[in-house]
Amino acid sequence: MYCYFRSGGGLLVYSDSNPPKRTLTADGQETKKKKVVVLGSGWGGYSFLSYLNNPNYDVQVVSPRNFFLFTPLLPSVTNGTVEARSIVEPIRGLMRKKGFEYTEAECVKIDASNKKILCRSKDASKDAKEFNMDYDILVVAVGAKPNTFNTPGVEENAHFLKEAEDALKIRQSVINSFERASLPDLTEEERKKILHFVVVGGGPTGVEFSAELHDFLVEDVAKIYPKVQEFTRITLLEAGDHILNMFDKRITAFAEEKFQRDGIDLKTKNMVVGVTADEISTKEIATGKIVSEPYGMVVWSTGIGIRPVIKEFMHQIGQGQRRVLATDEWLRVEGCDSVYALGDTATINQRRVMEDIAAIFSKADKGETGTLNKKEFKSVVKDICQRYPQVELYLKKKKLRNIANLLKSANGDDTEVNIETFKQALSEVDTQMKNLPATAQVASQQGKYLAKCFNKMEKCEKKPEGPLRFRGEGRHRFQPFRYRHFGSFAPLGGEQTAAELPGDWVSIGHSSQWLWYSVYASKLVSWRTRSLVVSDWVRRFIFGRDSSSI
């Protein structure tokens with residue numbers, strides 16, 4: 001806002017640097033913009049901000065991290081294959097482009113009843129500032145923290161692999177381990193202890209880190225530290241029966257066989273019960289026997305846990321008994337219409353078909369005859385499939401073309417269906433309900449989906465495009481969120497990768513590694529990061545990995 005004053009024949013301009021943000025309605029009236037506060041700059045938050053382009057929102061981003069981190073390449077940072085700066089994208093560039101505002105701070109409390117958040121500046125000293133921020137709409141995308149399962153000593157002695165700082169600490173610790181093991185006058189036992197690397201968790205992150213570390217030992221350490229290479233050892237601990245248990249069994253079997261050939265000590269059915277500064281203790285699940293052995297470095301990768309601010313918020317809104325924040329199919333936090341949550345922070349609490357079966361039947365039975373004819377049934381078929389994704393999954397499992405075939409198989413003909421037949425046909429549909437995985441792919445798609453909903457909010461308020469409200473009147477504003485799985489990769493080292501792609505297609509080997517390179521390069525969020533990562537890969541092929549401890 002600018003004000004002009006004439007003084008002595010001159011012109012004085014006064015600028016209000018923080019004017020209230022307003023926009024014009026269709027009839028030319030000025031209205032205040034809704035304030036959207038976004039917590040987090042990870043996959044969900046960054047995707048939401050990238051696709052949001054509705055001028056009717058005043059957007060404020062709050063995050064202790066002023067960059068977006070491409071987390072799938074974190075294991076590559078730990079051994080010098082890729083530099084940390086190559087996989088981060090400063091968030092202020094996006095803020096400037098979009099006209100959004102950014103505050104480097106951490107949200108420490110959410111007050112949903114008063115639509116306020118309490119933030120603390122990113123200052124490690126006692127002078128850290130705390131301040132309140134109002135919102136009209138809150139988008140929570142703060143991610144999750146590593147889950148230690150309250151195992152003694154993990155927080156104090158183990159490394160995690162969630163942030164860029166974690167990867168750099170691991171990289172420095174690995175190099176320092178080799179430098180210490182190279183000191184004179186050490187015994188063989190001391191060198192073996194220092195160079196014993198333990199990875200806890202047989203999921204994608206733990207497996208990929210183990211593979212990256214093994215490649216570093218074989219391809220680089222043999223040249224740089226030839227006198228101590230023989231003392232190196234990698235142990236991968238997994239409490240379950242197999243590693244990569246979320247992948248196809250063919251991938252799991254190949255990965256386990258390859259790790260055994262590579263000399264990685266794979267121990268399944270072993271649960272960590274304690275970590276000290278020098279030893280890690282495990283319990284064999286089959287026998288209950290507890291074994292302790294010395295180590296040089298432990299990397300903990302056993303899943304994710306909820307952040308304290310979200311845990312407190314869940315207690316505040318009556319979700320204290322849940323393991324993770326629950327949202328509806330439109331990513332709204334249950335019990336808070338003005339709060340949305342996405343990514344690892346939350347899970348969609350998908351509604352069961354059988355909970356609404358009577359309401360669905362009643363909505364379709366327009367003539368109130370107690371039966372559904374073909375026309376009445378067809379009027380709700382599309383809405384049922386849109387509202388309840390488990391229906392499509394069940395049809396796919398049973399190899400049925402559509403829900404009409406399901407009803408026909410239950411009724412014996414395709415004339416009319418009563419409520420009992422309707423219930424019988426859909427009785428097993430809810431068995432296909434599954435929680436979405438806590439992956440970058442899910443969070444990114446949720447951010448894009450929510451941004452598109454916000455972009456057409458005003459349009460859909462007047463003309464809803466979602467499915468029928470079976471327990472109310474009219475339609476939902478938007479289509480529910482649908483996750484589309486584009487595949488998963490598991491790099492196994494030695495320029496070999498396992499790929500699990502849609503259509504039950506599994507590919508393992510060197511060709512999949514090149515597919516991994518191309519897909520990950522394309523998914524980086526800017527040409528800057530793409531060029532940096534590709535140049536890092538080329539540098540590694542020509543010169544080897546960087547072995548400096550910085």
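This is a predicted model: local features need pLDDT of at least 70, side-chain atom pairs count only at pLDDT 80 or more; totals for chains, interfaces and linings use all residues.
1. Lys269 is partly exposed, with a relative accessible area of 41%; here buried means under 20% relative accessible area, exposed over 50%, and partly exposed in between, for a 1.4 Å probe and protein chains only. The residue lies in the loop between β16 (265-268) and β17 (270-275). Although Lys269 is not a glycine, its phi is positive, at about 55°. Helices and strands are DSSP runs numbered from the N terminus, helices being H or I with at least four residues and strands E with at least two.

2. Residues are numbered from 1 along each chain as its sequence is written, and side-chain values use heavy atoms, with hydrogens and water left out.

3. The overall description is as follows. The protein has 18 helices and 29 strands. Its C-alpha atoms fill a box of roughly 95 × 90 × 45 Å along the principal axes. Of the 550 residues, 47% are buried. Among contacts (heavy atoms within 4.5 Å) between residues at least 6 apart in sequence, 62% join residues at least 24 apart.

4. Five bridges link β17 with β18 (residues 279-284) in the antiparallel sense, and Val275 stands opposite Ile280 in β18.

5. Strand β14 (residues 196-200) is mostly covered, since five of its five residues are buried. In a regular strand the side chains alternate between the two faces of the sheet. In β14 both faces are covered: His196, Val198 and Val200 are buried on one side, and Phe197 and Val199 on the other. Strand β14 runs parallel to β15 (residues 233-238), to which five bridges join it. Val200 has Leu237 as its bridge partner in β15.

6. Helix α14 (residues 419-426) has buried residues Thr421, Phe422, Ala425 and Leu426. These residues lie on the same side of α14 because they cover an arc of only 125° around the axis, an arc defined by the directions from the helix axis to the C-beta atoms. An α-helix has 3.6 residues a turn, so residues three or four places apart point the same way. Glu420 and Gln424, on the other side of α14, are exposed. At the start of the helix, a side-chain oxygen of Asn418 comes to within 3.2 Å of the backbone nitrogen of Glu420.

7. Thr497 is found in strand β28 and counts as buried, at 0% relative accessibility. Its side chain makes a polar contact with the side chain of Gln513 at 2.3 Å. A polar contact is a pair of N or O atoms within 3.5 Å; within protein, one must be able to donate a hydrogen and the other to accept it, and residues adjacent in sequence count only if both atoms are side-chain atoms. Leaving aside residues up to four places away in sequence, Thr497 touches several others, including Phe489, Leu492, Ile508 and Trp516. In the loop between β27 (488-493) and β28 (496-501) lies Glu495, which has a positive phi of about 60° although it is not a glycine.

8. Ile175 is located in helix α5 (residues 164-181) and is buried, at 3% relative accessibility. Apart from residues up to four places away in sequence, it touches Phe216, Tyr225, Ser547, Ser548 and Ser549.

9. One annotation comes from a record: an unreviewed UniProt entry lists residues 352-387 as "domain: EF-hand". UniProt positions are given in the numbering used here, feature names are shortened, and annotations may be inferred rather than shown by experiment. In the model this span is 61% helix and 6% strand, and its end C-alpha atoms lie 10 Å apart.

Notes
Two strands pair if DSSP finds at least two bridges between them.
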